[in-house]
Amino acid sequence: MPSPDATGRRALVTGAAGFIGSTLCEALVADGWRVTGVDAFIDSGPRAEREANLAGLADDPRFDLVEADLATAPLDDLVASADVVAHLAGRPGVRSSFGDGFAPCLRDNLTATQRVLEAAAAAGTRRVVWASSSSVYGDAGPGAADEHATPLQPRSPYGVSKRACEDLAAIARARGLDVVGLRYFTVYGPRQRPDMAVRRMCEALCGGPGFTLLGDGAQVRDMTHVEDVVEATLRAMAASASGPVYNVGGGEPVTLGEVITTLEGIAGMPLPRRRAPAARGDVARTRAGTGRARAELGWVPRVDLVDGLAGQLGWVRARTREPMAATA
């Protein structure tokens, strides 16, 4: 969404080299913002791939990249240089948050988020928009999840960490910081992390390892294209009034089996795959109620599933034919 007041504005984007973060940085720069991106380049995919995500901004004078660990690095000067902070950094992954993954999950989600919120409050930052997750809901039941009516019942340590981050944001909001949380639902599209299901499906259809389907494929996910997620994030950054949290879902809940069938139709070939037991922490169904985001942010998801999956498959194909295409 073009922002009338974007010229001269400065944004800080954490997790800037990631899937969503890099796409957001590009959109902000294109809209006239000066952007400082922060990334630690740890444990979220190959470093070379994350660096490639930002290659299009490497020579742009409106973009600066800082390599820093939000859990330990000095943040006051970084945050003070920005009008708005988009805090997208964190440790993703439901399955990896169990066992030994719990401690780094807490560190990179709770500790980092609290430090960003405290630095923003001290700097008088106009707004912090941060990435929560549909994982806070757990199994939301047959209806669409509502931000205020649906109980938060996470089923994984990762979901618990995001719910706790929402509590930290609520504390910061009560103390006067303008904080907006966005509960992203199953984001897909170009630059998706290598461990994510749709990326692995696309890789398998392009000659990579066969796809391992965890469970029976009947899990329902509210698929949300990265372009729609970025649009919602831009609107949350620019809106004159905002609530504490919004669902960001694509409005197309489908089973994983239906995603596979759709990709097979696009590719014109069957997906090489095998079955394995359902993963720990997996939920049966997610579905976003997006009425609040539509009414208060003026946001409507626009990328339909077929077009979105075709675009992601095309991106993977380009990388397969010419690996350096990832840097374009």
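Buried means under 20% relative accessible area, exposed over 50%, and partly exposed in between (1.4 Å probe, protein chains only). This is a predicted model, in which local features need pLDDT of at least 70 and side-chain atom pairs count only at pLDDT 80 or more, while totals for chains, interfaces and linings use all residues. Residues are numbered from 1 along each chain as its sequence is written, and side-chain values use heavy atoms, with hydrogens and water left out.

**View 1. D39 and R50 form a salt bridge.** A salt bridge is a side-chain nitrogen of Lys or Arg within 4 Å of a carboxyl oxygen of Asp or Glu. The closest N and O atoms of D39 and R50 are 2.7 Å apart. D39 sits in strand β2 (residues 34–39) and R50 in helix α2 (residues 47–53), 11 residues apart. Helices (H or I, at least four residues) and strands (E, at least two) are DSSP runs, numbered from the N terminus. D39 is buried at 4% relative accessible area. R50 is buried too, at 10%.

**View 2. E67 and R47 meet in a salt bridge.** The N to O distance is 2.8 Å. E67 belongs to strand β3 (residues 63–67), R47 to helix α2, and 20 residues separate the pair. E67 is partly exposed, with 48% relative accessibility. R47 is also partly exposed, at 36%.

**View 3. R319 and E49 form a salt bridge.** Their closest N and O atoms lie 3.1 Å apart. R319 is in helix α10 (residues 305–321) and E49 in helix α2, so the bridge ties together parts 270 residues apart in sequence. Both R319 and E49 are buried. Salt bridges with shared partners join E49, R199, E203 and R319 into one network.
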